[in-house]
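These notebook entries record what I looked up in one structure. I set them down in the order in which I went through the questions.

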Amino acid sequence: MSSAAALNWSAAELDLPTLADSGYESAGHRIKTPVKQPADGRRLAPDNRAYNRLLRGLRWQGERGFAIPTGRWKTLRDTTVSPRRIGDIVAGALHLTHFEYKYLPESR
């Protein structure tokens, strides 16, 4: 099972939607993809345009959230560690990234 499939399975188990790009159209339960432009060239309805805008607005945050740690920490790019252990490594990398970017609250 691919990591993307495992992640979607985990999200589905928790009844959470998965945000995806248009390449995942008809991918399955609770996969949210953009509404495509009509084939006859008409504009999308306003509610569909708003849905696409909201989807893009949420997806870029997730994409950026993955890009910063994987760009900074080489070990996260090509890891072969067990999926059960990667969570601790990612948590450590995320904490160090927050420290580096000064996102951590001031300690007392």
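**Entry 1. Salt bridges**

I began with arginine 42 and aspartate 40, whose side chains meet in a salt bridge at 2.7 Å, N to O. I took a salt bridge as a side-chain nitrogen of Lys or Arg within 4 Å of a carboxyl oxygen of Asp or Glu. Arginine 42 is exposed, with a relative accessible area of 54%, and aspartate 40 is exposed as well, at 52%. For these words I used the following cut-offs: buried is under 20% relative accessible area, exposed is over 50%, and partly exposed is in between, with a 1.4 Å probe and protein chains only.

I note the origin of the values here: the model is predicted, local features need pLDDT of at least 70, side-chain atom pairs count only at pLDDT 80 or more, and totals for chains, interfaces and linings use all residues. Residues are numbered from 1 along each chain as its sequence is written, and side-chain values use heavy atoms, with hydrogens and water left out.

How many salt bridges does the structure hold? I found 5. Among them is the pair of lysine 36 and glutamate 25, with the closest N and O atoms 2.9 Å apart. This pair links distant parts of the chain: lysine 36 is in the loop between β2 (31-32) and α2 (46-72), while glutamate 25 is in the loop between β1 (18-19) and β2, 11 residues apart. Lysine 36 is partly exposed at 47% relative accessible area, and glutamate 25 is partly exposed at 44%.

I also recorded a salt bridge between glutamate 100 and arginine 72, where the closest N and O atoms are 3.1 Å apart. Glutamate 100 lies in helix α3 and arginine 72 in helix α2, so the pair ties together parts that are 28 residues apart in sequence. Glutamate 100 is partly exposed at 38% relative accessible area, and arginine 72 is partly exposed, also with 38%.

I then looked at the surroundings of arginine 72. Arginine 72 lies over the face of tryptophan 73, at 4.3 Å from the ring centre. The criterion was NZ of Lys or CZ of Arg within 6 Å of the ring centre and within 35 degrees of the ring normal.

Which residue has a side chain joined to that of tryptophan 73 by a polar contact of 2.7 Å? I found that it is threonine 97. A polar contact is a pair of N or O atoms within 3.5 Å; within protein, one must be able to donate a hydrogen and the other to accept it, and residues adjacent in sequence count only if both atoms are side-chain atoms. Threonine 97 is found in helix α3 (residues 83-100) and is buried, with a relative accessible area of 3%. Not counting residues up to four places away in sequence, threonine 97 touches Ile68, Pro69 and Trp73, where contact means heavy atoms within 4.5 Å.

**Entry 2. Helix α2 and asparagine 52**

I next examined α2. Helix α2 has 27 residues and reaches 39 Å from its first C-alpha to its last, close to the 39 Å expected at 1.5 Å a residue. The expected span is 1.5 Å times one less than the number of residues. In α2, the buried residues are Asn52, Leu55, Ile68 and Pro69. The buried residues of α2 pack against β1, β2 and α3.

Is asparagine 52 buried or exposed? At 8% relative accessibility, asparagine 52 counts as buried. A polar atom of its side chain lies 2.7 Å from the backbone nitrogen of valine 35. Leaving aside neighbours within four places in sequence, asparagine 52 is in contact with Pro34, Val35 and Leu44.

**Entry 3. Chain and backbone**

I counted 3 helices and 2 strands in the chain, and from the N terminus on the elements run α-β-β-α-α. Helices (H or I, at least four residues) and strands (E, at least two) are DSSP runs, numbered from the N terminus. Buried residues make up 12% of the 108 residues. Among contacts between residues at least 6 apart in sequence, 16% join residues at least 24 apart.

Last, I checked the backbone angles. Aspartate 15 has a positive phi of about 60° although it is not a glycine, and its place is in the loop between α1 (3-13) and β1. Lysine 102, which follows α3, has a positive phi near 60°.
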